[in-house]
Amino acid sequence: MKEQMTKERAYEILGIPFGSDFPTTSKAFHDIREKYHPDVNPYMREEYVKALSAFEFLQNLF
């Protein structure tokens, strides 16, 4: 079963402090995307999808 995204979980997935601003959130996702994107590292797809979901969730809150 898919875990429901919360603000706390989204910040945790991105590895940034709770309540970080949009530039910090965006940079964290950018760094993860460069490391885990399936085109770069096909074995880390699950981690990339989690980070993308977390970023999209937080992006909708800004």
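Buried means under 20% relative accessible area, exposed means over 50%, and partly exposed lies in between (1.4 Å probe, protein chains only). I start my notes with that cut-off.

**Ground rules.** I am working on a predicted model, in which local features need pLDDT of at least 70, side-chain atom pairs count only at pLDDT 80 or more, and totals for chains, interfaces and linings use all residues. Residues are numbered from 1 along each chain as its sequence is written, and side-chain values use heavy atoms, with hydrogens and water left out.

Entry 1: I looked up E47 and found it in helix α3. Helices here are DSSP runs (H or I, at least four residues), numbered from the N terminus. E47 has 34% relative accessibility, so I log it as partly exposed. I then checked E47 against Q59, 12 residues apart along the chain, and the C-alpha atoms are separated by 18 Å. V49 is also in helix α3. At 37% relative accessibility, V49 goes down as partly exposed. V49 and Y36 are 13 residues apart in sequence, and their C-alpha atoms are 9.0 Å apart in space.

**Entry 2: α1 against α2.** Two packed helices are described by the angle between their axes and the distance between the axes. I looked up both for helix α1 (residues 7–14) and helix α2 (residues 22–36): the axes come within 9 Å and cross at roughly 50°. Axes are lines fitted to C-alpha atoms, for helices over the stretch in contact, and angles run from 0 to 180 degrees between N-to-C directions.

Next I listed the contact (heavy atoms within 4.5 Å). From α1 come Y11, I13 and L14; from α2 come T25, A28, F29 and I32. I sorted these residues into six nonpolar, one polar and no charged. The classes: Ala, Val, Leu, Ile, Met, Phe, Trp, Tyr, Cys and Pro are nonpolar, Asp, Glu, Lys and Arg are charged, and the others, Gly among them, are polar.

Entry 3: T25 sits in helix α2. Its relative accessibility is 0%, so T25 is buried. Setting aside neighbours within four places in sequence, I found T25 in contact with Y11, L14, I16, S20, F55, L58 and F62. T24 is in helix α2 too, but at 34% relative accessibility T24 counts as partly exposed.

S20 lies in the loop between α1 and α2. At 10% relative accessibility I count S20 as buried. The S20 side chain reaches the backbone oxygen of P17 at 2.6 Å. Not counting residues up to four places away in sequence, S20 touches Y11, T25 and F62.

**Entry 4: the core.** Which residues have the most contacts inside the largest nonpolar core? I noted L14, I16, F29, I32, A51 and L58, in a core of 13 residues. Such a core is a set of buried Ala, Val, Leu, Ile, Met, Phe, Trp, Tyr and Cys residues joined through side-chain atoms within 4.5 Å. Helices α1, α2 and α3 (45–59) each supply at least two residues of this core. The most come from α3, with five residues.

Conventions
Polar contact = N/O pair within 3.5 Å; in protein donor to acceptor, adjacent residues only side chain to side chain.
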